[in-house]
Amino acid sequence: MFKRLALLIALVSAFAAPIPVAFAQGSLSDSFSGEELVDDGRAFFGSTSQGLASLVERAVSQFGLPNGYVLGEDAGGALFAGARYGEGVLHTRNAGEFNVYWQGPSIGFDIGGDGSKVMMLVYNLNQIQDVLGRFAGVDGSAYVLGGFGMTVIKRSNVVMVPIRSGVGARLGINVGYLKFTNEPTWNPF
């Protein structure tokens, strides 16, 4: 069992190689404060934002202040193997805003489906193209109606922390990746 899980994690990591895309070059060193993130998140999530402040505070205490964030929506489903699709806008301090799309497969002990509003905190972003590519991670869910949840996905030194508030019914744990692109696609790989 553990050998299969280790092999699965190795395969997901192998797919997490960067995808070269041409965007404006430059350093994105200006970060966002925790207060700015909570305010923008409250405006985006609306009345369901009760747990947002504590999750943003937890992410900031673990990883520091992000230098970008994505606001968007996604949906996913699984019956042991699953997929997730989403779209949003990447916000940066000094490089502007860019549309991003994500999709990815997952495999594990995971059953159910969900739809979510998402705020992804982005850390160590040197240029916009650093957010494009495959980000591997482990995700766990246990809810019937919905609520807030936070996971961590990583590629190279760029870390993304998706904070989701959604509805659905989901139970389990899975390993997978999200592939971020500048164009929408239905292919989760």
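Leu79, Phe80, Phe109, Ile111, Val138 and Ile173 make a nonpolar surface patch of about 610 Å². Patches here are built from residues with over 30% relative accessible area and no salt bridge, with nonpolar side chains (Val, Leu, Ile, Met, Phe, Trp, Tyr) joined within 5 Å and like charges within 9 Å. The areas come from the Shrake-Rupley method with a 1.4 Å probe, and for residues only the protein chains shown count as cover.

Strands β1 and β2 each supply at least two residues of the nonpolar patch. Strands (E, at least two residues) and helices (H or I, at least four) are DSSP runs numbered from the N terminus. Leu79 sits in β1 and is exposed, at 59% relative accessible area. For burial, the cut-offs are over 50% for exposed, under 20% for buried and partly exposed in between (1.4 Å probe, protein chains only).

## What the model is

This is a predicted model, so local features need pLDDT of at least 70 and side-chain atom pairs count only at pLDDT 80 or more, while totals for chains, interfaces and linings use all residues. Residues are numbered from 1 along each chain as its sequence is written, and side-chain values use heavy atoms, leaving out hydrogens and water.

## Salt bridges between strands

The structure has 5 salt bridges, meaning a side-chain nitrogen of Lys or Arg within 4 Å of a carboxyl oxygen of Asp or Glu. One of them pairs Arg164 with Asp74 at 3.0 Å, N to O. Arg164 and Asp74 are both buried.

Then there's Arg84 with Asp114, whose closest N and O atoms are 3.2 Å apart. Here β1 is linked to strand β2 (residues 97-123), with the partners 30 residues apart; both Arg84 and Asp114 are buried. Asp114 also meets Arg170 in a salt bridge (2.9 Å, N to O), joining β2 to β6 over 56 residues. Through shared partners, salt bridges join Asp74, Arg84, Asp110, Asp114, Arg164 and Arg170 into one network.

## Two helices crossing

Helices α2 (residues 34-45) and α3 (residues 52-63) have axes that come within 10 Å and cross at roughly 145°. Axes are lines fitted to C-alpha atoms, for helices over the stretch in contact, with angles from 0 to 180 degrees between N-to-C directions.

On the α2 side, Gly34, Leu37, Val38, Gly41, Arg42 and Phe45 meet Leu52, Ala53, Val56 and Val60 of α3, contact being heavy atoms within 4.5 Å.
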